[in-house]
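Here are my notes on the model you sent over, jotted down while I had it open on screen. Have a look at it yourself, then read on.

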Amino acid sequence: MYSPEFYAACTAGGILSCGLTHMTVTPLDLVKCNMQIDPAKYKSITSGFGVLLKEQGVKGFFRGWVPTLLGYSAQGACKFGFYEFFKKYYSDIAGPEFASKYKTLIYLAGSASAEVIADVALCPFEAVKVRVQTQPGFARGLSDGLPKFVRSEGALGLYKGIVPLWGRQIPYTMMKFASFETIVEMIYKYSIPQPKDQCSKSLQLGVSFAGGYVAGVFCAIVSHPADNLVSFLNNAKGATVGDAVKKLGLWGLFTRGLPLRIVMIGTLTGAQWGIYDAFKVFVGLPTTGGPAPAAALAKA
C-alpha cells in the first residue's frame with residue numbers, strides 16, 4: 001500500500017475504468033451534447049436518437065469515440081492515481097486522529113486536487129470531441145479534427161473550455177469520491193451483517209457498483225449546469241458564457257439534457273467504481289472504502 005507500485009496500479013485502474021466506460025456510452029453522450037447545443041432540433045432523448053439515426057445512420061452514434069477514449073483514459077489515470085496520492089498525503093498532514101475525524105474533508109480535498117490535474121489532460125480531447133459530435137462534416141474524428149481545430153482557433157483554443165470544465169468536473173469528482181466513500185461505509189455498517197474484510201470479493205465489488213451508481217446520480221445533478229456550458233463553448237467559435245445563458249436560459253442551463261445525463265452518469269460511475277475495484281482486486285489490493293489512510297495505518 002502507498003508504494004510507487006500501488007499508485008501505478010491505481011493509475012492503470014483509472015485508465016481502464018474511465019476510458020472504457022466513457023467510450024461505451026458515446027451514443028448517449030452524443031445525443032446529450034446535441035440536445036444541449038440545439039434544443040430546437042433535439043427536443044427529447046427519443047427524438048434526439050431518431051434525428052441522429054435518420055441523418056447519420058447507426059455509424060453516426062459512435063462519432064467522436066477516439067477522442068472520448070483517449071481523453072477520458074488520460075483523465076482517469078490522473079483522477080484515480082492522484083486521488084489515492086492526495087488522500088494519503090492530506091491524511092498524513094492531518095495526523096491519525098484528525099484524518100479519521102474529518103475523513104470526508106480529506107476525500108473532498110484529495111479529489112478536488114486530483115481533478116484539477118486530470119482536466120488539464122482531458123481538455124484538448126474534450127474540445128475536439130464536442131466539435132466532432134455537434135458539427136457534422138467538421139471532421140471524422142481525432143486525427144483530422146485536432147489539426148483542423150488548432151488551425152481554426154490556435155493551440156490555446158483547445159483550452160478555451162478549461163474553466164467551465166473545472167466548474168463541471170471538480171464538483172462532480174468531489175461528489176463522486178466523497179459520496180462514494182460515505183455510501184460504501186454506510187452499506188457495510190447498516191446493510192451487511194459482517195465486517196468488510198470477511199465479505200467475499202464479489203460482494204465487495206457489488207457494493208462498489210451500488211455505491212458508485214448512487215454517487216453518480218448526485219454527481220450528474222451537481223455538475224450539470226457546467227456540462228451545458230462546456231458543450232456550448234466548445235461548439236461555437238467565440239461563444240461566451242453569456243451567449244449560453246441567453247440561448248439556453250437559466251432553467252435550461254440546469255435541466256436541458258439532465259434526465260439522460262443522470263442515467264448516463266449513474267451507470268457510468270457505478271461501472272467505473274466496479275472496474276476500478278475489480279482491477280485492484282486483480283492485482284491483490286483491497287477494494288476502495290473504509291477509514292482514512294492515516295487512521296488505518298495507525299491501527300495496523
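Predicted model: local features only at pLDDT ≥ 70, side-chain atom pairs only at ≥ 80, totals over all residues.

1. Start with helix α4 (residues 65-94) and helix α6 (residues 103-134). Their axes come within 6 Å and cross at roughly 170°. An angle over 145° counts as roughly antiparallel, so that is how α4 runs relative to α6. If you sort the residues where α4 touches α6 by class, you get 19 nonpolar, eight polar and six charged.

2. Helix α6 has another partner in helix α8 (residues 162-190). Here the axes are 7 Å apart and the packing angle is about 140°, which makes α6 oblique to α8. The crossing of this pair is right-handed. In the contact of α6 with α8 there are 14 nonpolar, five polar and seven charged residues.

3. While you are on α6, click on lysine 129, which sits in that helix.

4. Glutamine 135 belongs to the loop between α6 and α7 (142-153). With a relative accessible area of 27%, glutamine 135 is partly exposed.

5. Now for helix α1 (residues 4-24) and helix α11 (residues 258-282). These two pack at an angle of about 145°, and their axes are 8 Å apart. The crossing of α1 and α11 is right-handed. On the α1 side, the residues that meet α11 include Ala9, Gly13, Gly14, Leu16 and His22; on the α11 side, they include Leu268, Ile275, Tyr276 and Phe279. What is the make-up by class? The contact of α1 with α11 has ten nonpolar and six polar residues, and no charged ones.

6. Also in α11 is valine 263. This valine is partly exposed, at 45% relative accessible area. Valine 263 and tyrosine 213 are 50 residues apart in sequence, and the C-alpha to C-alpha distance between them is 9.4 Å.

7. How many disulfides are there? The count comes to zero. Take cysteine 219 as one case: the closest cysteine sulfur, in cysteine 18, is 11 Å away, so the two are too far apart for a bond. Cysteine 18 is also among the α1 residues that meet α11. Cysteine 219 counts as buried, at 0% relative accessibility. Cysteine 199 counts as buried too, at 6%.

8. One backbone detail to finish. Tyrosine 2, in the segment before α1, has a positive phi of about 65° although it is not a glycine.

Definitions and conventions: Residues numbered from 1 in each chain as written. Heavy atoms only, no water. Axes fitted to C-alpha atoms, helices over the stretch in contact; angles between N-to-C directions. Helix = DSSP H or I, 4+ residues; strand = E, 2+ residues; numbered from the N terminus. Parallel < 35°, antiparallel > 145°, perpendicular 65-115°, else oblique. Nonpolar A, V, L, I, M, F, W, Y, C, P; charged D, E, K, R; others polar. Left-handed = near helix turned anticlockwise from the far one by under 90°. Contact = heavy atoms within 4.5 Å. Disulfide = S-S within 2.5 Å. Buried < 20%, exposed > 50% of the residue type's maximum accessible area, 1.4 Å probe, protein only.
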